[in-house]
Amino acid sequence: MRGAHRALPALLLLAAAVPLAAQDDARLQAAREAYFGGEYEQALAVLAPLTRAAPAPEARILQARVLAETGRHDEALAALALPGAAAGAAGGSAAAALARTRGEVLMALGRWDEAEAAFRASVAGRAPDQQVARLRLAELDFLRGRRAEAMAGFDAFIDLYNGSAALTGEELLAVARAVTWLGRASSSLYQDALRAYDEAADALPGDPRPRVGAGDLFLARYASPDAHEEYRQVLERNPAHPDALWGRARAQDFDGNPEALATAERVLETNPNHVGARVLIARIHLRAEDPERARAAAERALSVNPNALEALAVLAAAHHRAGDEAAFRAALRRADALDPAYPGVYATLAEVSADTRKYREAVDFAREAVRRDPQAWDALGTLATNQLRTGALEEGRANMGRAFQGDPFNPWFKNTLDLLDTWTHFRVVRTEHFEIALREREADLLEPYVTALAEEAYAALAARYGAEPPTPIRLELYPSSADFSVRTLGLVGLGALGVSFGSTLVMDSPSARQAGEFNWASTLWHELAHAFHLGMSDHNVPRWFSEGLAVREQRVARPHWGFRPTPAFLQAWHDGRMPPLSRMNEGFVRPAFPQQVLFSYVLASLAFDWIEETYGFQAIRRFLDGYRGGRSTEALAGEILGLDSATLDGTFERYLRARFAGEIRAVADLPTPAPGGLAVPGRARGGAGAGAPGGAADVEALRARVRAQPGSFPARLALGRALLAGGDAAGAEEHLREALRLFPAYPGEDGPLRLLARIHRERGESERAADALRRLGTLNENAFEVHREEAELRRALGEDAGERAALTRAVEVFPYDPDLHERLAELHAAAGDTGGAVRERRAVLALDPVDRARAHLRLAEALLADGERTEARSQLLRALEIAPTYDEALELLLQIRGEGS
Amino acid sequence: MRAAALLLLAAAAVGAEAQDVHLVTVVGLGGDPAYAERFLEWGARINAAARERFDLPPERALLLAEDPTGHPAVAGRSDRAGVEAAIRGVAERAGPRDRVLVVLIGHGSFRGDEARFNLPGPDFTAAEWDALLARFGEREVAVVNTASASGPFVQALAAPGRTVITATRTGAERNETQFAGYFAEALEGEAADLDKDGMLSLLEAFTYARAEVARHYGEANLLLTEHALLDDNGDGEGSEEPSREGPDGSAAALFRLVPRSAYATVPDAVGDSVTVRLLNERGALEAEVARLRAARETMEQAEYETRLEELLVQIALKSREIAARSGGGGGA
């Protein structure tokens, strides 16, 4: 209203100086300017005098647009109803002129029959905008499932465009929309649609609709930056424009930007009845595994437009996710009654099923969506993606190819097909329970380790759970994290290390990351544990349960595997920034801060420490059985543990407080971590004290802090590090030992154990240095350099067994260093482990050493020692093929043939 | 000792004219003390390996450096005059069938169409090096330019009977190179004797250094910024992976350095016509192995392995006989 007061005096001045018709034009223009600028109330105030008695169709249409855009649909319809006097005078033509806009408002409310009648009246009355009415009639046909009629209607706009010398802006907008619809069948038409939007923008200066339309078109073509730019131009003039904000929200959602929800909610500030925004909000809630909020948002949308099929789709999915079968079926029936060919309900169900790891169900839903509409390319892509996840590789590949033909702009489809093309470079190795795909160039190296570990893990988990997932389990290892990401999501950028789709496991190969960045064996074990959990629960296990239990399985397998509590984690938990056990899923699906997902893994795994220690492993098994039956965590906790949610949370909290009482005291004074950073560095490679503050002033400040907080782990560690950097090893040792006492299981490579190892090493206390490194190695699954350094020390000490164990752990983290395999082979052979020696000699050869003749010979020797005479001969021939006068190899050849000297 | 080396030496001793190797190692301008020290260390290692492992006398293993007093092995300054004098001296001293190996260690540059190896004072361009090398006439010459931006030397120096090795593929690879260090390593130990014949060929030294350079960059998580080339067929097109089977590599495989250890038993072998006969018979068997390898694609695997094994057993038995006669005991 403030804007209206500013503008009205100018209009009054105008009225005194110009004729009446010109005054009306000026008012109309002023109203239009106010509307384009988002001054909705001002626009209505300017328009009011124009429509009071006169038909003034142009003013009424603008009035209705303002009202509809702000969610006041009933008032919009009233504005479009001619008053008695006006209806009498020039009623026929005026009513026809208003009919199209009236139809559009009715359409937005789902009153399709009335809308159709209005559009037909527009056409029959030869209204100036009758072409727009024709477009809407075709759209109504489409919404009602009359696809052929709809497409014929859209097709007429091609002739309209080609056969007309000059089209109005409204007609160009209609052409753009019609051609967009036609683009479903012929993707090249999208360029024509874009051109029509550009021409409409020229014809309708300042009107936001062409820009919003172009933005929507870009977004439909996955060109998010271009879409953002179109929306930005509109929002620059009207920051509250509902459709542009909605577009921005969808583009943000496409980008994976969590601000999408807030942007969508901003739409509702201007237009609380914006169905599209409500549907987007519902979808976001559904993805975050919050079906109740999703249902509420969808129902709110349906209260505006009961025929909004997108809202019905989310509603059906929300009911399905919540397990309300009757309501789910009712929503399906409702959608079917509106449009039996509408694929969106099943496509949405497929997406939600995939989001909640029910991949076979996703396949079934997506297949139904495609059956209803074979041109539903998104649904076909969803079908293909989930077929590829569930082992239907050939069908998935074929469907992905078809989806790409239909929608060649889709980056998911293209990325996935490109990835599938690389499968020709993979070797598939079959074991008793697995089908393992390894990139050919590293298959020789990895095969022995991966096959052995996969079968070991399978046997261990099968014994522990007393159940087995469907086999064969397909395990794919990608040397490129980008390929792993595409295999998982269709796009690059996934930060995870591995993913389990049930009996399909996909993960980074050890070469995908630098040495010490991750532990492939631990990751494999984790993902395989998921396969058991998903199989046993029929994919009903909640994410927190499966993730936490999988981390616990890592620790059960090898004590040094899996995430463990860090100071930052304990601080977050102590400060109440982690959800209670009964709401643990929120930490995974709706993280409140960036590190909460990682911390949730730790916290959930500790819950299983507690459950197994307190109630035994059978309790965990009973949970999985219960999930299979569709039971909730709350119900199962009551039944299996005898605890309601409040008691469950309280009991677990007491367990944690008791278990980590000392550590919590030692880190309680940590400053709140900056975004993305730990209050105490978690790990710094090679960071044995390097880079720490060492100036006298720093040291004094740190001493003062220690005096004030003698029980503070970070204070002790910082002082110890600073003293060491300043050359005071003795002083440093005192504080580092105290830090170690305060937080004995600190897993970071920048912690007291690594620094103490350095002190001992520099003093020549090799055994103590090695022991410190060994202890650190039991706390950190990625500690490649720690294991390697320990092995060096053990070698110098002549401790073959210790060296062998350390090298085995190093190779487990990063198997690409030939020197480690070479030494390990020698140690295995010396210890009589002929099989181990063969494995390591094979690894050396697989790493393509420059001296291949020697590598073949050493493998031949190892094989001979292991009793593999035939293969030993073969390897020997490979050596001599390269080096026919290789004395050692020739001698061994004679020995093998029984012609020894 | 390796019988193949013995064969070579014995053959030379019983009739063929001796083929000595002359080494000229030129350590160029360091520019920075750290570089100067590293370049000199590499050059000194190559020189030491030539003298100690391959038994080259001082006059056949010349080391030139920026600072003639920087290392006891340095024979002169590596400026234009020093290099010219050294080349002239070798050309005068070397026999007509002798071989010359020139190793350049330092920085290189490439501007316009002109590649240079940086010396104290004015540089020599690649074309000027070509003119210098022409002084060796028909002798077999190998040039190893380990400098940055050395790639254009391949085309500039290519000639029949000449092997050219560069540390980089082009003049645009301007970063500091590691090739020289690993080339020195190849000369120092047995690890680069990839065919285990007791000798080190330039092809083996190149293959070893190239692989170790790649490993060096991989372990340091760095992009490989030097791609070594070898050209020995005179076409000016270097190969990144030369081999005996060509197009580049066959001549470099025959440019061999024989370690001092191989000489120890030569007198016995040379004086024994039976040993010489055995060596020749064994050489013939090796040639048969080479022919069999070439025909491998046309044969069944089992048949190939059977025939290969038969030949290898004969070689092994010959080796035993040779070893027994040259005092090496019963081992092959």
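Which residue takes a positive phi in the hairpin of E6(B) and E7(B), and how many residues lie between the strands? In this predicted model, the residue is B:Gly121, with a positive phi near 80°, and the hairpin has six residues between its strands.

**Hairpins of chain B**

On its other pairing, E6(B) runs antiparallel to strand E7 (residues 124–125) of chain B, to which two bridges join it. The table sets out the two pairings together with one bridge from each.

| Strand pair | Bridges | A bridge pair |
|---|---|---|
| E6(B) and E7(B) | two bridges | B:Phe117 and B:Phe124 |

**A sheet in chain A**

Chain A holds an open sheet of five strands with mixed pairing, in the order E1-E2-E3-E5-E4. Strand E1 (426–430) and strand E4 (498–500) of chain A are at the edges and have a single partner strand each, so one side of each is left without a neighbour in the sheet. Direction ignored, neighbouring strands of this sheet are turned by 15° against each other on average. The partner of E4(A) is strand E5 (residues 504–508) of chain A, and the two pair in the antiparallel sense over three bridges, with A:Val499 standing opposite A:Val506 in E5(A). Helix H27 (residues 520–536) of chain A packs on this sheet, where it touches strand E3 (473–478), E4 and E5 of chain A, and its direction makes about 15° with that of E4(A).

**Two packed helices of chain A**

Elsewhere in chain A, helix H12 (residues 208–220) packs with helix H14 (residues 242–255) at an angle of about 15°, their axes being 10 Å apart. Because angles under 35 degrees count as roughly parallel, H12(A) and H14(A) are therefore roughly parallel to each other. Their crossing is left-handed. Among the residues that make the contact are A:Val212 and A:Leu219 of H12(A), together with A:Ala251 and A:Phe254 of H14(A). By class, the residues of this contact divide into six nonpolar, two polar and three charged.

**Where the chains meet**

Between the chains, 19 residues of chain A are in contact with 27 residues of chain B. On the side of chain A, helix H46 (869–882) and helix H47 (887–896) are the elements that give two or more residues, and the largest share, five residues, comes from H47(A). That side has 11 nonpolar, three polar and five charged residues.

Definitions and conventions:
Residues are numbered from 1 along each chain as its sequence is written. Chains are lettered from A and ligands numbered from 1 in the order in which they are written. This is a predicted model: local features need pLDDT of at least 70, side-chain atom pairs count only at pLDDT 80 or more; totals for chains, interfaces and linings use all residues. Axes are lines fitted to C-alpha atoms, for helices over the stretch in contact, and angles run from 0 to 180 degrees between N-to-C directions. Helices (H or I, at least four residues) and strands (E, at least two) are DSSP runs, numbered from the N terminus. Angles under 35 degrees count as roughly parallel, over 145 as roughly antiparallel, 65 to 115 as roughly perpendicular and the rest as oblique. A crossing is left-handed if the near helix is turned anticlockwise from the far one by less than a right angle, and right-handed if clockwise. Two residues are in contact if their C-beta atoms, placed from the backbone, lie within 7 Å. Ala, Val, Leu, Ile, Met, Phe, Trp, Tyr, Cys and Pro count as nonpolar, Asp, Glu, Lys and Arg as charged, and the others, Gly among them, as polar. Two strands pair if DSSP finds at least two bridges between them.
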